[in-house]
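Student: I have a structure open and some questions about it. Can we go through it piece by piece?

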Amino acid sequence: MKRSLLPVLAACGALSVSSVRAPAQTNNPSSAERFAKPSDELVARENKFWKRIPLEVPDNIVLETSGILPLPGKRLLVTTRRGEVWFIDGAYDADPKLKFTLFASGLHEPLGIIAAPKGGYYVAQREEVTRLVDTDGDGRADVFETIAKIPISGSYHEYAFGPVLAPNGNLRITLNVAFGGATQSPVPWRGWMMEITPDGQMTPIAAGLRSPCGLALTSGGDWFYSDNQGEWVGSGKLTHLERGDFTGHPAGLAWSKLPGSPVSLRPDDIKSFDEPMSEVAKRLPGVKPPAVWLPHTILGISNSGIQEDLSGGKFGPFAGQLFVGDQGQSKIARVSLEKVKGVWQGASYAFRSGFDCGIIRVVQGEDGSFFTGETERGWGSLGPKKQGIERLVWTGETPFEIKEVRAQPDGFVLTFTSPVDRATAENPASYGVSGFTYLWHKEYGSAPSNRAGCPVRKVVVAPDGLSVRLATACLREGYIHEIKAAGLRAAGGTEPLLHNIAYYTLNRFPEGARIIPLEVNEAELCKVPVPAVAGANTKKHPSKVPSDWTGDEGDKTILLGTLPGLKYDQTLLTVKAGARIRLVFRNTDDMLHKFVLCAPGTGESVGTAALALGVDGAAKNYVPDSDAVLYHTALTLPEASDTIYFTAPAKPGDYDYLCSFPGHSALMKGILRVEAK
Ligand SMILES: [Cu+2]
């Protein structure tokens with residue numbers, strides 16, 4: 001799951017290694033693009049349309065919900081990471097009082113459950129796919145039938161996700177790579193999608209998976225999986241999987257030579273390219289770039305379960321679209337897809353945030369509502385709980401939203417859930433479009449790279465006001481295009497979009513007529529600016545000993561470290577007003593962290609502003625432009641440290657400090673108490 005579960009790690013980590021390089025490789029021509037983030041106000045607005053209903057779990061049950069199967073009669077069958085399988089009744093009630101009945105226990109970290117056509121239920125345990133059957137009708141499983149063994153080496157990261165039932169009656173599962181070191185696929189098929197016949201024959205389908213927590217077969221018959229940022233994976237992503245595909249993480253290629261492998265690429269074919277995957281794919285057959293990127297820290301840090309809205313409208317206006325959970329940021333993103341020249345592509349959007357805990361499963365119930373399976377898995381996640389299950393119900397009210405984005409040869413058509421206000425819609429200044437990509441390399445994650453603006457040249461509003469065609473310059477094939485419509489309002493009022501950004505992954509330009517001519521000098525016009533070099537020693541990142549200090553010790557040295565679970569090792573530091581402070585921040589965790597000192601009472605707002613930097617965050621070292629920020633360290637890699645030298649504020653008081661890496665500040669914070677001299 002994580003890295004999915006790991007994801008958090010990923011999350012943080014994600015940037016990690018690359019973070020060091022991030023500033024150098026990121027173009028940031030415009031700091032104007034901002035992503036309106038999960039503020040309390042946004043969460044409250046979202047809740048007006050899709051209401052979150054937490055479900056109370058008795059204290060004696062630890063429901064790290066890892067798989068959810070809706071059963072007829074408004075029952076749920078739920079697996080937990082701790083190996084239990086529970087029937088839950090009452091989950092659909094308006095005022096839910098859940099009744100739990102144990103069906104099975106003692107399983108090894110099952111991460112999904114489905115009904116078996118021949119009776120009973122299939123679960124994917126860590127080391128096998130199993131059929132659970134209650135043969136005597138007493139409500140408890142009494143047969144645990146091994147369908148197929150899954151090789152494992154013992155790494156904690158060897159998750160098995162699924163199963164999902166294929167149309168031919170076979171099962172498909174996805175297998176995490178192991179974690180740590182170079183041998184991330186120490187046993188066959190780690191990092192692969194596998195197919196299993198009902199009698200247990202297992203065959204490989206596709207390779208290159210890293211932490212494929214989400215696996216879905218769409219109603220149209222296409223397989224998609226979600227993956228997490230990490231080594232070889234620049235950001236979260238949703239990839240269309242076909243037999244023989246290789247999706248990016250080379251560890252599993254160690255087994256592509258085995259009999260039955262449909263993958264022809266070999267480990268030596270994959271280098272740390274440091275290019276967009278879409279570019280490499282043009283010259284290396286078999287490489288499958290994502291259908292849709294889910295920008296890291298913006299639409300999650302550890303993308304997980306996938307659910308298509310199959311309710312035909314009972315869940316709101318997005319029928320047929322995909323919804324993708326996130327384990328670290330405890331939220332759900334939305335994805336619309338289209339097939340262009342035989343290739344899947346589309347847009348990702350924020351959908352719903354503010355859940356109680358990290359989400360690994362999103363499953364639609366019989367009435368169209370969603371259930372979320374949640375665990376923080378020891379990695380930490382946003383929200384007050386460590387595990388659980390929640391329900392998400394459409395209230396019947398439709399927000400003003402970008403319903404869908406479709407590509408054009410010279411831009412995009414945006415359709416909306418309700419008509420637009422014509423004046424704001426016709427104004428090109430209501431929109432901002434830019435393109436960027438992630439680099440494919442062995443390092444952990446990638447900063448948004450090669451970013452460049454796409455000037456909006458022409459806007460055509462449809463007569464019914466339900467769609468807008470934007471024609472822009474500088475679109476790039478294979479790139480993600482951030483399409484922002486912050487200035488747009490709904491017809492007849494002042495209502496802005498609930499979420500005003502779409503991220504469109506433009507794998508192919510469609511055929512069709514342009515509405516603006518290609519600029520003669522477009523290549524020159526669209527040249528990517530040279531990235532700015534991040535200064536190491538700045539006023540707020542004072543990494544050099546000030547010239548007026550004698551020696552480098554100052555008056556006081558503070559050694560600040562980290563603890564697992566998004567914590568500093570100290571939450572109260574005390575200094576004298578005006579003292580010269582040498583602060584050594586040592587990161588012993590496995591994620592990226594930093595230290596940001598803020599004015600009294602401003603920590604929360606700085607954390608929120610850092611999150612709101614969106615794709616600009618990496619280039620800004622996750623420090624918002626704010627007077628409230630006094631000093632900060634660099635974003636610090638695992639097992640690395642950073643030292644800053646500053647003079648403590650003259651005014652006594654409690655100064656907030658926090659880690660501004662997106663998603664950390666709610667937990668990772670403390671007080672620097674400045675006492676009078
Ligand atoms: Cu942090």
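Student: Let's begin with histidine 593. Is histidine 593 buried or exposed?
Tutor: Histidine 593 is buried, at a relative accessible area of 0%. Keep in mind that this is a predicted model.

Student: What coordinates the copper ion?
Tutor: The copper ion has His593 (ND1), Cys659 (SG) and His664 (ND1) as its donors, at 2.0 to 2.1 Å.

Student: How are the donor residues spaced in sequence?
Tutor: The spacing is H-x65-C-x4-H. Histidine 593 sits in the loop between β39 (580-587) and β40 (596-598), and cysteine 659 in the loop between β43 (653-658) and β44 (669-675), so the pair ties together parts that are 66 residues apart in sequence.

Student: And cysteine 659, buried or exposed?
Tutor: Cysteine 659 counts as buried, with 0% relative accessibility.

Student: Which strand holds aspartate 656?
Tutor: Aspartate 656 lies in strand β43.

Student: What is the nearest side chain of opposite charge to aspartate 656?
Tutor: That is lysine 669, 8.2 Å away. Aspartate 656 is buried and has no salt bridge.

Student: Which backbone nitrogen lies 2.8 Å from a polar atom of its side chain?
Tutor: The backbone nitrogen of glycine 603 lies 2.8 Å from a polar atom of the aspartate 656 side chain. Leaving aside residues up to four places away in sequence, aspartate 656 touches Val596, Leu597, Cys598, Ala599 and Pro600, among others. Its contacts also include Gly601, Thr602, Gly603, Gly670 and Ile671.

Student: Switching to salt bridges. How many does the structure hold?
Tutor: The structure holds 33 salt bridges. In one of them, the side chains of arginine 52 and aspartate 356 meet at 3.2 Å, N to O. That pair links distant parts of the chain, with arginine 52 in strand β1 (residues 50-54) and aspartate 356 in the loop between β22 (343-352) and β23, 304 residues apart.

Student: Is aspartate 356 buried or exposed?
Tutor: Aspartate 356 is buried, with a relative accessible area of 9%.

Student: What does lysine 385 form a salt bridge with?
Tutor: Lysine 385 forms a salt bridge with aspartate 356, and the closest N and O atoms are 3.7 Å apart. Lysine 385 lies in the loop between β24 and β25, and aspartate 356 in the loop between β22 and β23, so this pair ties together parts that are 29 residues apart in sequence. Lysine 385 is partly exposed, at a relative accessible area of 31%.

Student: Which residues make up the network there?
Tutor: Arg52, Glu56, Asp356, Lys385 and Glu390 are linked in a network of salt bridges.

Student: What about lysine 576? Which side chain does it meet?
Tutor: Lysine 576 meets glutamate 675 in a salt bridge, 3.5 Å from N to O. Lysine 576 is in strand β38 (residues 572-576) and glutamate 675 in strand β44, 99 residues apart, so far as sequence goes a link between distant parts of the chain. Lysine 576 counts as partly exposed at 43% relative accessibility, and glutamate 675 as partly exposed at 33%.

Student: Now the strands. Why is β24 called largely enclosed?
Tutor: Because 6 of the 6 residues of β24 (residues 370-375) are buried, the strand is largely enclosed by the rest of the structure. Phe370, Thr372 and Glu374 point one way, Phe371, Gly373 and Thr375 the other way, and all are buried.

Student: Which way does β23 run relative to it?
Tutor: Strand β23 (residues 359-364) is antiparallel to β24, and 5 bridges join them. Valine 363 has phenylalanine 371 in β24 as its bridge partner. The two strands form a hairpin with 5 residues between them, and glycine 368 in the turn has a positive phi of about 95°.

Student: How many bridges pair β24 with β25?
Tutor: β24 and strand β25 (residues 387-394) pair over 6 bridges, also in the antiparallel sense. Phenylalanine 370 stands opposite leucine 392 in β25.

Student: Last one. How many residues of β28 are buried?
Tutor: In β28 (residues 432-437), 6 of the 6 residues are buried, so the strand is largely enclosed by the rest of the structure. Strand β33 (residues 480-484) is antiparallel to β28 and joined to it by 5 bridges, with phenylalanine 436 opposite isoleucine 480.

Key. Residues numbered from 1 in each chain as written. Predicted model: local features only at pLDDT ≥ 70, side-chain atom pairs only at ≥ 80, totals over all residues. Heavy atoms only, no water. Buried < 20%, exposed > 50% of the residue type's maximum accessible area, 1.4 Å probe, protein only. Helix = DSSP H or I, 4+ residues; strand = E, 2+ residues; numbered from the N terminus. Pairing = 2+ DSSP bridges. Donors = N, O, S within 2.8 Å, 3.2 Å for Na, K, Ca; no water. Lys, Arg positive; Asp, Glu negative; His and termini not counted. Salt bridge = Lys/Arg side-chain N within 4 Å of Asp/Glu carboxyl O. Polar contact = N/O pair within 3.5 Å; in protein donor to acceptor, adjacent residues only side chain to side chain. Contact = heavy atoms within 4.5 Å.
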